[in-house]
Amino acid sequence: MAERHGTPLYVYDGDHLRRRYEQLRAALDPRIDIFYSLKANPNVSVCALFRSLGAGLEVSSLAELVTARRAGVDPDDLIFLGPGKSGEELLACCAEGGMHAVVVESLAELAALDALPEAAGTRAILRVNPTFESHGSRLSMGGKPRQFGIDEEILHGAKAAISALSRVRIIGVHAYLGTRILDAATVVHNTTGVLRVAATLAGELGIPLQTVDIGGGWGVPYFDNESDLDVAATVDGVNRAVSEFLDRYPGTRIVTELGRYLVGWSGTYVLRARYVKQSRGEWFVVADGGTNHHMAAVGIGSFVKRNFPIGSLTRADAPPADVYTVTGPLCTPNDVIAKRVPLPEVRPGDLLGVSRSGAYGPSASPVLFLSHGHPAEVLVLDGVGHLVRSRDTVDDLLRPQHLIPLATF
Ligand SMILES: *Cc1c(COP(=O)(O)O)cnc(C)c1O
């Protein structure tokens with residue numbers, strides 16, 4: 001792939017992704033619908049692959065919505081979520097073809113949606129910011145003052161506002177408590193809590209529980225101090241909570257939305273060593289790609305630099321020969337992909353791979369920094385690599401800019 005498409009390059013192993021999805025699908029209660037969160041990896045072919053496997057799609061912008069439609073999503077397997085939807089986005093949610101539901105994140109947004117003539121018959125799900133807390137996630141999004149969702153306390157008193165809706169129909173409740181959860185008990189605690197809050201609110205507000213979106217946030221371990229989510233225990237606890245809920249509310253559609261967990265493991269960021277040099281006794285590999293494409297490698301939510309798993313692809317089976325710091329082409333000391341990692345001997349031209357990089361890669365990185373642009377992306381299916389995104393050319397980068405005529409003196 002590196003020979004054919006050049007480096008730096010993201011390679012997504014679609015066969016691996018498919019196996020992981022199918023394992024999860026087989027283990028989860030069939031009454032739980034899996035929705036893929038495009039935010040984690042918005043490539044249209046990756047989305048189409050999830051679609052072909054039977055996943056629904058969860059989008060958070062107009063471009064993600066169009067991506068999902070191009071990926072062939074069935075409108076009933078599509079939801080739109082996000083705290084700051086534009087008027088254009090709200091309108092697109094109501095448009096022809098529609099979607100399963102818009103997840104509304106404030107009463108003001110709900111009123112704005114309801115005011116659109118096009119919203120007649122549009123379904124909405126209330127995103128609640130619950131009062132219960134969730135401690136096991138790396139980035140908590142519930143229990144605190146947050147820009148996401150509607151505080152549970154506010155919803156307790158929102159019956160009048162909801163009864164006053166003239167076009168939009170509320171069909172359920174959603175909550176998402178945080179991302180990068182690696183503790184099964186936390187996922188189960190969140191699931192149980194969300195289902196409990198949904199039941200309470202439905203009773204108080206007189207809304208149907210046609211759909212409850214229990215969120216997700218299942219993590220992928222990246223760093224040495226992290227251990228993998230116990231999937232068996234997670235699935236077991238989630239299935240049990242959902243099953244108890246469905247005994248009381250048969251017919252409710254249960255949705256779990258997962259991004260990182262579904263794609264994170266299946267991606268490798270491939271970079272080529274350009275220069276290998278020593279500085280004051282330490283070895284540096286200066287590669288053709290860096291944190292401009294892989295910001296997460298800087299170390300998420302941590303002040304200490306921790307390393308993503310990285311290896312030599314050229315000398316994959318060789319034992320470590322030295323300790324190297326791998327950096328990219330940016331003119332900032334923060335452009336460190338891996339700090340002081342043992343690697344087999346690295347020579348200029350060698351390929352290195354950062355694994356578990358399928359989620360929050362280029363789309364969550366400053367790809368325009370130093371005007372290097374977006375890297376190419378390849379999706380491997382049945383062992384065949386397909387180019388699913390071309391790298392940005394200089395022309396791609398300069399086209400949207402406008403050179404204004406300036407007077408010369
Ligand atoms: C980001 C996000 C997701 C996906 O999160 P992952 O941790 O990648 O699974 C799902 N739902 C909401 C509301 C999000 O903000």
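Salt bridges in this predicted model, each defined as a side-chain nitrogen of Lys or Arg within 4 Å of a carboxyl oxygen of Asp or Glu, number 17. Residues are numbered from 1 along each chain as its sequence is written, and side-chain values use heavy atoms, with hydrogens and water left out. Because the model is predicted, local features need pLDDT of at least 70 and side-chain atom pairs count only at pLDDT 80 or more, whereas totals for chains, interfaces and linings use all residues.

**The network around Arg-253**

- A network of salt bridges links Asp-33, Arg-51, Asp-76, Asp-77 and Arg-253.
- Arg-253 belongs to strand β12 (residues 253-258) and Asp-76 to the loop between α4 (62-70) and β4 (78-80), 177 residues apart; helices (H or I, at least four residues) and strands (E, at least two) are DSSP runs, numbered from the N terminus.
- Arg-253 also forms a salt bridge with Asp-77, at 2.6 Å from N to O.
- Asp-77 lies in the loop between α4 and β4, so its pairing with Arg-253 ties together parts that are 176 residues apart in sequence.

**Burial of these residues**

- Arg-253 is buried, at 16% relative accessible area (buried means under 20%, exposed over 50%, partly exposed in between, with a 1.4 Å probe and protein chains only).
- Asp-77 is buried at 16%, while Asp-76 is partly exposed at 37%.

**The pair Arg-315 and Asp-350**

- The closest N and O atoms of Arg-315 and Asp-350 are 2.7 Å apart in their salt bridge.
- Arg-315 lies in the loop between β15 (310-312) and β16 (322-327) and Asp-350 in the loop between β17 (336-343) and β18 (351-354), so the pair joins parts 35 residues apart in sequence.
- Arg-315 is partly exposed at 21% relative accessibility, whereas Asp-350 is buried at 5%.
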